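User: I am new to reading protein structures. Please take me through one, feature by feature.

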Amino acid sequence: MNIIKKSESIRAGLRKGIQDGTSKMAQRRCYGYDTGPDGELVINPDEAVVVRWIFERYLNGDSLGRIATGLEGQGIPSPTGKPKWNREALNKLLSNEKYTGRVLLQKTISAGGSQVKNDGFMERYLYSDSHEAIISDEVFHAAQQEKMRRTNNSEHSMTTIPTNSIK
């Protein structure tokens, strides 16, 4: 079997697993969860408290920087074990539907050797009740709306100075 046919065969197998719900990607561990004895996601109680705290603080108006500082001040290591959290990790956590007990597969796709966001190029698959939720749908959706509100505000907010005050 040549390399191209083998690669195509592997991709087809991965796609089939995504389509029929047997993909191991659905059970990929993220912060707040551990992997159970059968490979299923189970809540890590200590990390789940942190996940809920992050969503709560964000919905109460804290910036990602303030949340990161708060986590560092409490001595809570990042998902990678580092003492400092970064804004990107917090942003990804706030965007991860896995915390609602759902899994969305094919959020990204491989294109030209790198991962890119799947903006409708390929079908995405959402599996509900995949595992126990850490946060409610309402909290998750409120966080997504808040993210959009903050993004829109930061793009369109501009300080104007009356021309007669510039010297």
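Analyst: We will go from the overall layout to helix packing, the core and the salt bridges.

Analyst: First, the ground rules. This is a predicted model, where local features need pLDDT of at least 70 and side-chain atom pairs count only at pLDDT 80 or more, while totals for chains, interfaces and linings use all residues. Residues are numbered from 1 along each chain as its sequence is written, and side-chain values use heavy atoms, with hydrogens and water left out.

User: How many helices and strands does the chain have?

Analyst: Helices (H or I, at least four residues) and strands (E, at least two) are DSSP runs, numbered from the N terminus. Here there are 5 helices and 6 strands. Starting at the N terminus, their order is α-β-β-α-α-α-β-β-β-β-α.

User: What share of the chain counts as buried?

Analyst: Buried means under 20% relative accessible area, exposed means over 50%, and partly exposed lies in between (1.4 Å probe, protein chains only). Of the 167 residues, 30% count as buried.

User: How do I describe two packed helices?

Analyst: Two numbers do it: the angle between the axes and the distance between the axes. Axes are lines fitted to C-alpha atoms, for helices over the stretch in contact, and angles run from 0 to 180 degrees between N-to-C directions. Take helix α2 (residues 45-59) and helix α4 (residues 87-95): their axes come within 11 Å and cross at roughly 95°. Angles under 35 degrees count as roughly parallel, over 145 as roughly antiparallel, 65 to 115 as roughly perpendicular and the rest as oblique. So α2 and α4 are roughly perpendicular to each other.

User: Which residues make the contact between α2 and α4?

Analyst: Contact means heavy atoms within 4.5 Å. From α2 come Val51, Ile54, Phe55 and Tyr58; from α4 come Leu90, Leu93 and Leu94. Ala, Val, Leu, Ile, Met, Phe, Trp, Tyr, Cys and Pro count as nonpolar, Asp, Glu, Lys and Arg as charged, and the others, Gly among them, as polar. This contact has 7 nonpolar residues, no polar and no charged.

User: Which residues touch the most other members of the largest nonpolar core?

Analyst: A nonpolar core is a set of buried Ala, Val, Leu, Ile, Met, Phe, Trp, Tyr and Cys residues joined through side-chain atoms within 4.5 Å. The largest one has 24 residues, and Ile54, Phe55, Trp85 and Tyr99 touch the most other members. Helices α2, α3 (64-73), α4 and α5 each supply at least two residues. α2 gives the most, with 6 residues. Look at Tyr99: leaving out residues up to four places away in sequence, its contacts include Val51, Phe55 and Leu93.

User: How many salt bridges does the structure hold?

Analyst: A salt bridge is a side-chain nitrogen of Lys or Arg within 4 Å of a carboxyl oxygen of Asp or Glu. There are 5. One joins Lys92 to Glu88, with the closest N and O atoms 3.3 Å apart. Both lie in α4, 4 residues apart, about one turn of the helix.

User: Where does Arg102 lie, and where does Asp137?

Analyst: Their closest N and O atoms are 2.4 Å apart, in a salt bridge. The pair links distant parts of the chain: Arg102 is in the loop between α4 and β3 (103-105), Asp137 is in α5, and 35 residues separate them. Arg102 is partly exposed at 23% relative accessibility, and Asp137 is partly exposed at 27%.

User: Is Glu146 buried or exposed?

Analyst: Glu146 is buried, at 14% relative accessible area. Its salt bridge with Arg150 has closest N and O atoms 2.8 Å apart. Glu146, Arg149 and Arg150 are linked in a network of salt bridges.
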